[in-house]
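Welcome, and thanks for taking a look at this structure. Here is a short briefing to guide you through it, one topic at a time.

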Amino acid sequence: MVQSDHQRILGNPKFQELVRTRSGFAWTLAAAMLAIYLGFILLVAFAPGLMAVKVGGGVTSLGIVLGLAVIVSAFLLTGIYVQRANSRFDDLTRDLTKEIV
Amino acid sequence: MLRRLSLPLAATAMIGACGLLVSALAAPAVEGGGKQGLNPAAIVMFFAFVLGTLYITYRAAQGSKSAADFYAAGGGITGFQNGLAIAGDYMSAASFLGISGLVFASGFDGLLYSIGFLVGWPIVLFLIAERLRNLGKFTFADVASFRLDQTQIRILSATGTLVVVAFYLIAQMVGAGKLIELLFGLDYLYAIVIVGALMIVYVAFGGMKATTWVQIIKACLLLGGATFMALAVLWNFGFNPEAMFSEAVRTHPKGDAIMAPGGMVSDPVSTISLGLALMFGTAGLPHILMRFFTVSDAQAARKSVFYATGFIAYFYILTFIIGFGAITFLMNDPSYYTAGAGGVVNKITGLIGGTNMAAVHLANAVGGGLFLGFISAVAFATILAVVAGLTLSGASAVSHDLYAEVIARGRTNERKEVNISKITAVVIGVVAIVLGYVFENQNVAFMVGLAFAVAASCNFPVLLMSTMWKGCTTFGAMVGGFAGLVSAVMMVVLSKAVWVQTFGFREAWFPYDNPALFSMTIAFVGIWMASKADSSQRARDEVASYDAQYVRSETGIGAASAHQH
């Protein structure tokens with residue numbers, strides 16, 4: 001890439017929009033995953049009694065339900081990101097590439 | 001085009017053939033049903049797997065000409081296939097048998113491990129995958145050294161890679177030898193020699209293409225087998241998990257305690273530290289990062305993480321059900337146990353072969369001798385596929401990073417580089433056999449944790465900071481990366497698992513089980529402080545060249561020409 005090329009792209013409003021929306025989105029989801037996981041770990045470490053509480057009248061505990069929910073949430077978060085990235089972010093990148101070349 | 005199609009076809013045919021074999025062998029093998037010694041069904045099915053994968057290796061070798069073929073399967077793997085292969089890399093025999101064994105032994109606590117292993121994947125997707133695909137070629141060192149000093153950063157990355165590969169490989173080899181000894185009645189030494197020899201053949205002749213297809217086939221077989229077991233367990237309880245849990249609580253000696261956090265997580269700092277190692281270690285495992293270069297573009301890289309996360313999540317839910325199923329099926333059946341002193345049977349540790357064999361015994365309980373044979377063969381295949389992936393990434397670090405950029409300083413050609421990689425694969429295989437033999441009677445359980453801790457404290461911080469922080473310099477990456485690596489290893493050596501249990505000292509210097517919380521902090525602070533302190537001309541140039549890297553990492557513009565597919 002020529003020196004001036006990336007300067008031109010950096011100043012392009014489409015590039016700025018792409019980077020701003022995507023990195024905002026990615027960091028939000030990463031923070032959500034971290035919060036869900038650390039929240040779960042902290043509950044296990046500091047409130048094991050709460051995790052043992054029974055739900056639904058049987059032996060199934062809150063910890064098991066929350067644990068399975070963390071697994072499902074990891075899958076859902078990746079799904080949300082891929083859906084958004086493969087449509088909106090890729091469209092923006094395509095537009096930008098067209099404009100540059 | 002025909003050649004392109006032939007590998008997927010061969011793989012599909014193999015998975016089908018394994019199904020046929022199961023039905024063909026049904027008659028003679030069921031009455032055998034032995035839990036120990038020779039299981040003819042297991043041996044026949046394993047041979048079928050080996051022959052099939054060798055055929056695939058042969059086809060892949062014919063089609064592999066360039067370095068891109070060898071390191072990255074020519075970029076011709078689809079997102080879905082790569083997702084399966086990534087999941088395959090992750091679903092090792094250790095995680096299948098180990099996690100179901102943990103659930104069997106302590107219920108809920110086993111779930112903690114699977115969650116930790118899984119939640120790294122979204123982080124890989126959000127922060128690493130696309131940048132990696134846009135900036136790199138074959139190894140993650142390509143990315144970390146994009147605007148930094150080639151020689152130094154590649155030495156650092158290759159060291160991080162080889163340390164991770166070495167610990168991971170030793171743990172896998174020792175586990176493999178023990179498992180095969182138990183399942184096939186084969187001598188330990190023969191077992192590790194067979195594993196080592198086959199992985200050399202896959203990697204040296206078939207490169208990434210063969211390694212990927214071996215991984216995909218094994219992932220399908222493992223997911224299929226585990227699905228059958230989980231369904232058989234749930235069917236027994238009318239597909240009502242609550243019925244399964246309450247039966248498990250009635251059966252398990254720990255009773256209701258298996259539904260809640262137990263002794264394994266008594267220490268919060270260790271728990272959080274382990275959690276960080278599992279989560280961020282995933283984003284620094286070299287054999288996983290390498291897989292992002294086997295797909296054609298950033299979009300396919302994203303999709304592969306999505307599929308991989310789905311498969312891995314599904315797999316961990318299955319191992320959880322299998323662990324609970326093992327409690328309900330095995331604990332009331334004395335034939336799965338050996339009595340301890342005084343004829344007392346310990347319902348947890350008395351299990352024949354130890355708690356790690358819970359899933360294997362459950363296979364026998366729900367599917368008879370034939371299905372036991374199938375699961376044994378799949379476990380063997382799993383080990384082979386995982387060690388092949390590790391060997392390939394170690395060999396690439398030596399040939400592509402150390403040889404091509406550091407020793408030959410770019411004055412080499414593709415053919416020579418690939419040949420060096422093949423020779424290295426042979427050397428790594430031989431070393432792995434020797435180390436597997438040396439460590440036979442050592443406790444190697446800490447080594448996987450250490451591999452993740454090093455990946456989280458050296459590879460991940462360097463990769464993240466060099467791509468996301470403009471101010472990161474070569475000096476900073478070197479100081480922080482090596483500080484993270486050395487501190488992680490030192491803290492593990494000084495911890496209870498090594499200092500007390502292996503070396504026999506009375507007291508551990510480092511009080512926690514996993515170093516990641518501290519060693520990751522050391523690495524990030526090290527990179528930040530050393531980069532800030534670096535006021536050389538080179539540092540100013542590196543900061544100035546961040547913009548060009550930034551544009552390419554975000555858009556992929558310029559990436560296509562760097563990587564010919």
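Chain B is built from 23 helices and zero strands. Its radius of gyration is 23 Å, close to the 24 Å that the globule rule gives for 565 residues, so chain B is as compact as a globular protein of that length. Please keep in mind that this is a predicted model.

**Overall form of the two chains**

- Along its principal axes, chain B has C-alpha atoms that fill a box of roughly 75 × 60 × 45 Å.
- Chain A has four helices and zero strands, and from the N terminus on its elements run α-α-α-α.
- The radius of gyration of chain A is 21 Å, well over the 13 Å that the globule rule gives for 101 residues, so chain A is more spread out than a compact globule.
- For the C-alpha atoms of chain A, the box along the principal axes is roughly 65 × 25 × 20 Å.

**Annotated regions of chain A**

- An unreviewed UniProt entry lists residues 24-47 and 59-82 of chain A under "transmembrane region".
- Residues 24-47 of chain A are 96% helix and 0% strand, and the C-alpha atoms at the ends of this span lie 32 Å apart.
- Residues 59-82 of chain A are 88% helix and 0% strand, with end C-alpha atoms 37 Å apart.

**Where chain A meets chain B**

- The two chains touch through 43 residues of chain A and 43 residues of chain B.
- On the chain A side, helices H1 (3-11), H2 (13-46), H3 (48-51) and H4 (62-100) each supply at least two residues.
- H4(A) gives the most to this side, with 20 residues.
- Sorted by class, the side of chain A that touches chain B has 31 nonpolar, 11 polar and one charged residues.

**Helices H7 and H14 of chain B**

- Helix H7 (residues 120-135) of chain B packs with helix H14 (residues 298-330) of chain B at an angle of about 155 degrees, and their axes are 9 Å apart.
- Angles over 145 degrees count as roughly antiparallel, and H7(B) and H14(B) are therefore roughly antiparallel to each other.
- The crossing of H7(B) and H14(B) is right-handed.
- Residues making this contact include B:Trp121, B:Pro122, B:Leu125 and B:Arg133 from H7(B), and B:Ala301, B:Arg302, B:Val305 and B:Ile312 from H14(B).
- By class, the contact of H7(B) with H14(B) has 10 nonpolar, two polar and three charged residues.

**Helices H14 and H15 of chain B**

- H14(B) also meets helix H15 (residues 358-407) of chain B, where the axes come within 9 Å and cross at roughly 60 degrees.
- H14(B) and H15(B) are therefore oblique to each other, and their crossing is left-handed.
- On the H14(B) side, the residues that meet H15(B) are B:Ile322, B:Gly323, B:Gly325, B:Ala326, B:Phe329 and B:Leu330.
- Their partners in H15(B) are B:Ala358, B:Ala359, B:His361, B:Leu362, B:Ala365 and B:Val366.
- The residues of the contact of H14(B) with H15(B) divide into nine nonpolar, three polar and no charged.

How values were computed:
Residues numbered from 1 in each chain as written. Chains lettered and ligands numbered in written order. Predicted model: local features only at pLDDT ≥ 70, side-chain atom pairs only at ≥ 80, totals over all residues. Axes fitted to C-alpha atoms, helices over the stretch in contact; angles between N-to-C directions. Parallel < 35°, antiparallel > 145°, perpendicular 65-115°, else oblique. Left-handed = near helix turned anticlockwise from the far one by under 90°. Contact = placed C-beta atoms within 7 Å. Nonpolar A, V, L, I, M, F, W, Y, C, P; charged D, E, K, R; others polar. UniProt positions renumbered as here; feature names shortened; annotations may be inferred. Rg over C-alpha atoms; globule rule 2.2 N^0.38 Å.
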